[in-house]
Amino acid sequence: MKIQQNISLKNYNTFGIEVFAKRFVSINAVYNLQQLLQIEKDLFLISGGSNMLLTKDIEKLVVHIDVKGISIDNENKDDVFLTVNAGENWHDFVLWCVANNYGGIENLSLIPGNVGTCPIQNIGAYGVEVKDTITKVEAIAIKTGKLVTFSNKECQFGYRNSIFKNEEKGKYIITSVSFKLTKRNHNLNTSYGAIESELSSKNSKNPTLKDISNAVIAIRKSKLPDPKEIGNSGSFFKNPVITKSLFLEIQKEYPNIPSYPVSATAIKVPAGWLIEQAGFKGKRFGNYGVHEKQALVLVNYGNATGTEIYQLAKKIQATILDQFNITLEIEVNVIC
Ligand code: EPU
């Protein structure tokens with residue numbers, strides 16, 4: 001466990017923002033983290049760095065969670081029970097599951113980030129949310145240094161939400177996540193329009209986990225920028241849920257507005273569509289802008305600062321409020 005000084009975090013966040021950590025330590029074993037917590041508790045945690053926008057240098061000790069390892073806890077003829085350490089790369093884990101014919105997370109292929117952060121925002125894509133496969137989450141309580149287990153229910157998962165973003169925010173460091181995945185009779189989710197058309201173009205009538213994973217990878221590659229090429233953090237905003245009456249009002253003026261019913265009185269609308277209507281899609285402002293194929297994604301073309309991107313996000317929020325009377329909530333963790 002070596003504490004380094006003045007380390008650039010550019011390669012530790014998928015937005016590729018250059019800020020510096022005054023002190024930085026990489027942790028590859030849970031007991032090292034427990035040792036560290038005996039000395040210092042006011043930490044800045046970074047794992048895959050895929051859901052954060054950094055706007056300034058970090059004064060606190062930056063702790064890079066790099067604990068690796070996958071273990072099979074149990075299995076029967078139908079299911080496998082796995083525990084995966086927090087520092088495992090999410091997409092590599094998905095590919096490993098697909099290769100082993102373990103089903104349940106294939107629709108979540110190519111999502112950036114690490115396993116340890118997947119429960120925090122309950123990652124989701126193409127009709128699947130990770131909460132449906134998580135059995136428990138293990139975390140260290142920062143105050144006591146003790147390991148605590150959260151059952152699926154205790155995680156209080158919601159759309160891009162969990163207890164770790166609410167009352168327990170900042171109180172725990174997730175060290176591992178446990179999953180229950182299927183070994184046969186997979187519950188394949190191909191209902192999402194783009195997956196269906198991708199599979200039918202490949203003539204896949206009885207798709208395998210690999211077919212679905214490949215379809216998702218192809219769709220994501222066609223729409224979402226690869227953080228290795230263009231810095232980004234995926235969807236910058238959440239899709240807002242609005243009242244049915246506001247929806248009907250907007251629909252009068254925009255008959256093609258896409259929507260997903262949430263309840264008898266509430267409707268979710270895609271933020272990407274709203275941002276496109278407001279004219280931001282593909283807009284570039286020097287080093288940063290709004291992605292040309294998915295307006296929900298803000299991008300860093302080069303050496304943009306986090307503050308520039310945050311200002312753009314605020315401008316988009318103000319425009320959407322003015323044009324549609326909808327408040328867009330930022331999904332990414334802005335560090336300012
Ligand atoms: N749309 C537009 N213009 C755009 C983007 C989208 O009109 O620029 C419209 C599309 O035509 C479609 C609708 O909005 O009718 C939905 O678009 P899409 O299927 O691309 O999904 P999304 O709602 O924009 C969500 C997730 C993504 C996830 C996709 C697929 C959120 C905040 N985002 O995006 O998650 O990959 O569904 O399931 O829920 C992420 O969280 O980082 C992420 C990429």
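User: What should I know about the model before I start?

Analyst: It is a predicted model, so local features need pLDDT of at least 70 and side-chain atom pairs count only at pLDDT 80 or more, while totals for chains, interfaces and linings use all residues. Residues are numbered from 1 along each chain as its sequence is written, and side-chain values use heavy atoms, with hydrogens and water left out.

User: Okay, into which domains is the protein divided?

Analyst: Domain bounds come from an automatic or database domain assignment. Here you get domain 1 (4-65), domain 2 (70-223) and domain 3 (231-335). Taken over C-alpha atoms, the centres of domain 2 and domain 3 are 25 Å apart.

User: How many residues of domain 2 are in contact with domain 3?

Analyst: Contact means heavy atoms within 4.5 Å. By that rule, seven residues of domain 2 are in contact with seven residues of domain 3.

User: And where does the ligand lie?

Analyst: Both domain 2 and domain 3 give residues to the shell around the ligand, so it lies between them.

User: Which residues come nearest to the ligand?

Analyst: A residue is near a molecule or strand if one of its heavy atoms lies within 4 Å of it. There are 23 residues around the ligand, and Tyr126, Tyr159, Tyr192, Ser235 and Glu276 come nearest.

User: How do I read the polar contacts there?

Analyst: A polar contact is a pair of N or O atoms within 3.5 Å; within protein, one must be able to donate a hydrogen and the other to accept it, and residues adjacent in sequence count only if both atoms are side-chain atoms. At this site, a polar backbone atom of Tyr126 is 2.6 Å from an oxygen atom of the ligand. For a polar backbone atom of Ser235, the distance to a ligand oxygen is 2.8 Å. Lys281 uses a polar side-chain atom, 3.1 Å from an oxygen atom of the ligand.

User: How much of the ligand does the protein bury?

Analyst: Accessible areas come from the Shrake-Rupley method with a 1.4 Å probe; for residues, only the protein chains shown count as cover. Taken alone, the ligand exposes 820 Å², and the protein buries 81% of that.

User: Which elements give two or more residues to the shell?

Analyst: Helices (H or I, at least four residues) and strands (E, at least two) are DSSP runs, numbered from the N terminus. The elements you want are β8 (124-125), α4 (209-223), β13 (231-235) and α6 (271-277). The largest share, three residues, comes from α6.

User: How do the shell residues divide by type?

Analyst: Ala, Val, Leu, Ile, Met, Phe, Trp, Tyr, Cys and Pro count as nonpolar, Asp, Glu, Lys and Arg as charged, and the others, Gly among them, as polar. The shell has 11 nonpolar, six polar and six charged residues.

User: Now single residues. Is Asn107 buried or exposed?

Analyst: Buried means under 20% relative accessible area, exposed over 50%, and partly exposed in between (1.4 Å probe, protein chains only). Asn107 has a relative accessible area of 0%, so it is buried. You'll find Asn107 in the loop between α2 (90-99) and β8. A polar atom of its side chain lies 2.8 Å from the backbone oxygen of Asn189. Not counting residues up to four places away in sequence, Asn107 touches several others, including Tyr126, Asn189 and Val216.

User: What about Leu328 and Thr327: buried or exposed?

Analyst: Leu328 is buried at 2% relative accessible area, whereas Thr327 is exposed at 62%. Leu328 is in the loop between α7 (306-324) and β20 (333-335), and Thr327 also has its place in the loop between α7 and β20. Leaving aside neighbours within four places in sequence, Thr327 is in contact with Pro240 and Leu321. With such neighbours left aside, the contacts of Leu328 include Phe237, Pro240, Leu274 and Ile320.

User: Which residues have a positive phi although they are not glycines?

Analyst: Gln156 is one, with a phi of about 50°, and Asn185 is another, at about 45°. Gln156 is in the loop between β11 (147-151) and β12 (172-182), and at 45% relative accessibility it counts as partly exposed. Asn185 is in the loop between β12 and α3 (193-201), and at 66% it counts as exposed.
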